[in-house]
Amino acid sequence: QPTIDGTDDKISTGITTQLTNFSVVVIFKDDGSATWGRIIDKSYTTGFFISSCWNGSSTSVGAGVREPNSPHGQHITYDPSKYNYFVLTRSGSTHTVYLNGSTNKVQKTNGDSSTLSSTEMVIGAWYDNRSSQRFTGDIPVVKLYNKELTAAEIQQDFESYKNRFNL
């Protein structure tokens, strides 16, 4: 299980897929990331990102898809003292974030349905290895789908991890 200490840790995935509709599932436990602690990054202006400590709040996790302008996505409140199951989905110009199952969600239409860039997906840091906004904590599960997961699929996947991580 990867534990990322926020110094120089990151996982280069080699994934450069140019996605259109997609879903990313991540289970994480934050150990006190700095503002915008990058859990996953594929260039927020031309790809997507998932960050803990959203805008300095230690209880918000969020994500954005192709968002070069503020507010750079959307966020949802989480419990930083335990593992959390987070999903980002994109279908056309709509993206949705889910936390700990399919019923706790926030949806946003950003008007951009362009194919994502071929920037590499990185875990634990910016895609370009910046020293700021690094994640600190555990990331035992990351899954990338080349489709939008349905609420039923998200709930089923959440249930499969619920007891294992005490979600």
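Phe-48 of strand β5 has Val-65 as its bridge partner in β6, and β5 is joined to strand β6 (residues 60-65) by 4 bridges in an antiparallel arrangement. Strands here are DSSP runs of E with at least two residues, helices are runs of H or I with at least four, and both are numbered from the N terminus; two strands are said to pair if DSSP finds at least two bridges between them. This is a predicted model, in which local features need pLDDT of at least 70 and side-chain atom pairs count only at pLDDT 80 or more, while totals for chains, interfaces and linings use all residues. Residues are numbered from 1 along each chain as its sequence is written, and side-chain values use heavy atoms, with hydrogens and water left out.

Strand β5 (residues 48-52) also pairs with strand β4 (residues 37-41), again in the antiparallel sense and over 4 bridges. Within this pairing Ile-50 of β5 is the bridge partner of Ile-40, and Ser-52 of β5 is the bridge partner of Gly-37. Most residues other than glycine have a negative phi. Ser-43 is buried, with a relative accessible area of 3%, where buried means under 20% relative accessible area, exposed over 50% and partly exposed in between (1.4 Å probe, protein chains only).

These strands belong to an open sheet of 6 strands with antiparallel pairing, in the order β2-β11-β4-β5-β6-β7. At its edges stand β2 (11-12) and β7 (74-77), each with a single partner strand, so one side of each is left without a neighbour in the sheet. In a regular strand the side chains alternate between the two faces of the sheet. In β5, Phe-48, Ile-50 and Ser-52 point one way, whereas Phe-49 and Ser-51 point the other way, and all are buried; β5 is accordingly described as mostly covered, with 5 of its 5 residues buried.

Which residues touch the most other members of the largest nonpolar core? In this core of 25 residues they are Phe-28, Ile-39, Ile-40, Phe-48, Ile-50, Val-61 and Phe-86, a nonpolar core being a set of buried Ala, Val, Leu, Ile, Met, Phe, Trp, Tyr and Cys residues joined through side-chain atoms within 4.5 Å. At least two residues of this core come from each of β3 (22-30), β4, β5, β6, β8 (84-91) and β9 (94-99), and β3 gives the most, with 4 residues. Apart from this core lies another, of 13 residues, among them Val-87, Tyr-161, Phe-165 and Leu-167.

Trp-36, Tyr-44, Phe-49 and Trp-126 form one aromatic cluster, where rings of Phe, Tyr and Trp (its six-membered ring) pair if their centres lie within 6.5 Å, and planes under 30 degrees apart count as stacked, over 60 as edge-to-face and the rest as tilted. The charged end of Arg-38 sits over the ring of Trp-126, 3.9 Å from its centre, by a rule that asks for NZ of Lys or CZ of Arg within 6 Å of the ring centre and within 35 degrees of the ring normal.

There are 4 salt bridges, each a side-chain nitrogen of Lys or Arg within 4 Å of a carboxyl oxygen of Asp or Glu. One of them joins the side chains of Lys-143 and Asp-157 (2.6 Å, N to O); Lys-143 lies in strand β12 (residues 137-145) and Asp-157 in helix α1 (residues 151-162), so the pair ties together parts that are 14 residues apart in sequence. Asp-157 counts as buried, at 12% relative accessibility. Another salt bridge joins Glu-153 and Lys-147 (2.8 Å, N to O), with Glu-153 partly exposed at 29% relative accessibility and Lys-147 partly exposed at 38%.
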